[in-house]
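Please have the sequence and the model at hand while reading.

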Amino acid sequence: MQLAYYPGCSLQQSSALYDVQSRRIFSELGAELVEIEDWNCCGATSAGKVDDFMAIAMPARNIGIAERAGFTEMVIPCSACYSRTLVAQQRMADDDGLTSEINAELDAKVNGSLKVSSILEALEDRIKAGALEDRVAHKRTGLRPVCYYGCMMTRFPYNVPVPDDVENPQGMERVLKALKIKAVDWNYKTACCGASASVNDPETAHNLMARIMKDAVARGANCFVTTCPMCQMNLDAQQEAFCQENDIEARLPVFFITEIIGAAMDIPPEELQTDRHFIDGTILLKELEQHDEKGK
Amino acid sequence: MAAPAIDINPDQAQPFLKEVMDRSGQNLSACYQCRRCAAGCSVGDETDFFTPNLLIRMVVLGDRERALNNQLVWKCVSCYTCGTRCPNDIQTARITETLKKMAKAEHLPPLQPKIADFHDAFVRSGIRWGRVNEMEFMGAYEMKFALRNIKARQFGAILDEVKTQAGLGMKMTQLRRMHFGFLIAKGRKEIKALQRKSKQRATH
């Protein structure tokens, strides 16, 4: 089967590893991610702070392109892109005037037939269809991740159909359960990492991330798992700094959900570019691999 | 620090409240000050005494000056916790996003210029090229930061920023997380046409 795929800007740049992983994992699960043609930036949260009309118009063009190509579902791994696209679609569905104003400027008009899916929804669909059973090796079950959802997967600035519980989402836990990996329960799964504040207001962002880190460590997790490239980059690249500032000794790798699935499938971490983390994730995976060997 | 008395201004209150409600799409009159938003605010420790409920009260009572110019408006990270928990379905983050734009339209200097510059540079890059180029927009953002600090003769701040960003850039390059190509969407003409429409809408 084929699914429309919107990578977004960060999956083509600093989080290119997530692009490689998403394509690979979906292909292992029997679905091809087809990148939509000539897509544009979704505007991210910045557009909402600068220009309300553009915050809807920018994702609208991508929806139109996917619909014109005949797709019924589009997968968006980046949480911010997913949120902006879902909100834009709902805003247009609720406002015909706005829709025609935007459509007037678009080559590919929006008609509202596309289902916009987060990576978790699409993964869960594949798992429900039984695609994981043939493929999963149930390796690295010694992973003890805390599932970190952040903001954009769960909370939206507009009333949209939310696929998971807003205060205690379970999508990632369900995926991990299918892999026989036990997620660690904790309090900060939907807390904010500070997003762009890590650049423009680092003190605030570091305070927020230190709290997230402290709970993860106190609960005995050995890694984070997330779906959001912004959360991943922040917790990974800033970890050394905010841990030093807050006397936290532990360091935890920050994995994308796709890397955890890859590990359970016994895909070598290098093939998924897991060696591109600031906090080296390959050490933990190698330890667990040796553990798997011993258990044989 | 205690909250300051709000400057009540009935004449100004009605048009200001209406403008914020229209632009944000939020019904501020529905707020009954339960403070669930304040309890859950991610940046509550960073905004002095400003909480989302207090911001709403300031708008309702017409304290335009402080509503447009406070730490919460600028430090709000748009995590949308307040709006998700509001019993009256008010998305306060949409209000902070709206007040930022209103402050800019009135040429008020932003309380947190780095934050304002960041979002401007990001959106400008996305619209100009159709896709955001991380190095280009970060470069534009850092240039603005440097110019502002040269004017203020804050050379130490520039040096600290250069050190931090250069360190991060080096590490990202080592880890092959720096992208040296350039992203462009051909459809950026459509995006620019939409932006012209957005500007026309704003003037009507």
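Predicted model: local features only at pLDDT ≥ 70, side-chain atom pairs only at ≥ 80, totals over all residues.

Asp89(B) is placed in the loop between H6 and H7 of chain B. Its phi is near 65°, a positive value in a residue other than glycine.

Tyr80(B) also has a phi near 65°, again positive in a residue other than glycine. Most residues other than glycine have a negative phi. Tyr80(B) lies in the loop between helix H5 (71-75) and H6 of chain B. Is Tyr80(B) buried or exposed? With 25 other C-beta atoms within 10 Å, Tyr80(B) is buried, since the cut-off for a buried residue is 20 or more.

## The contact between the chains

Chain B brings 51 residues to the contact, and chain A brings 47 residues. On the side of chain B that touches chain A, the elements giving two or more residues are helix H6 (81-85), helix H7 (92-105), helix H8 (113-129), helix H10 (155-174) and helix H11 (188-203) of chain B. Of these, H11(B) gives the most, with nine residues.

The side of chain B that touches chain A is made up of 18 nonpolar, 14 polar and 19 charged residues.

## Helix H4 of chain A

Helix H4 (residues 79-93) of chain A has 15 residues, which at 1.5 Å a residue should span 21 Å.

How many of the 15 residues of H4(A) are buried? The number is 13, and H4(A) is therefore largely enclosed by the rest of the structure.

## Packing of H1 and H12 in chain A

Helix H1 (residues 16-28) of chain A packs against helix H12 (residues 257-264) of chain A at an angle of about 50°, and their axes are 9 Å apart. H1(A) and H12(A) are therefore oblique to each other. Their crossing is left-handed.

On H1(A), the contact is made by Tyr18(A), Gln21(A), Ser22(A) and Ile25(A). On H12(A), the residues making the contact are Thr258(A), Glu259(A), Ile261(A) and Gly262(A). By class, the residues of the contact of H1(A) with H12(A) are three nonpolar, four polar and one charged. In an α-helix, residues three or four places apart point the same way, because there are 3.6 residues a turn.

Key:
Residues numbered from 1 in each chain as written. Chains lettered and ligands numbered in written order. Helix = DSSP H or I, 4+ residues; strand = E, 2+ residues; numbered from the N terminus. Expected span 1.5 Å × (residues − 1). Buried ≥ 20, exposed ≤ 12 C-beta atoms within 10 Å, placed from the backbone. Axes fitted to C-alpha atoms, helices over the stretch in contact; angles between N-to-C directions. Parallel < 35°, antiparallel > 145°, perpendicular 65-115°, else oblique. Left-handed = near helix turned anticlockwise from the far one by under 90°. Contact = placed C-beta atoms within 7 Å. Nonpolar A, V, L, I, M, F, W, Y, C, P; charged D, E, K, R; others polar.
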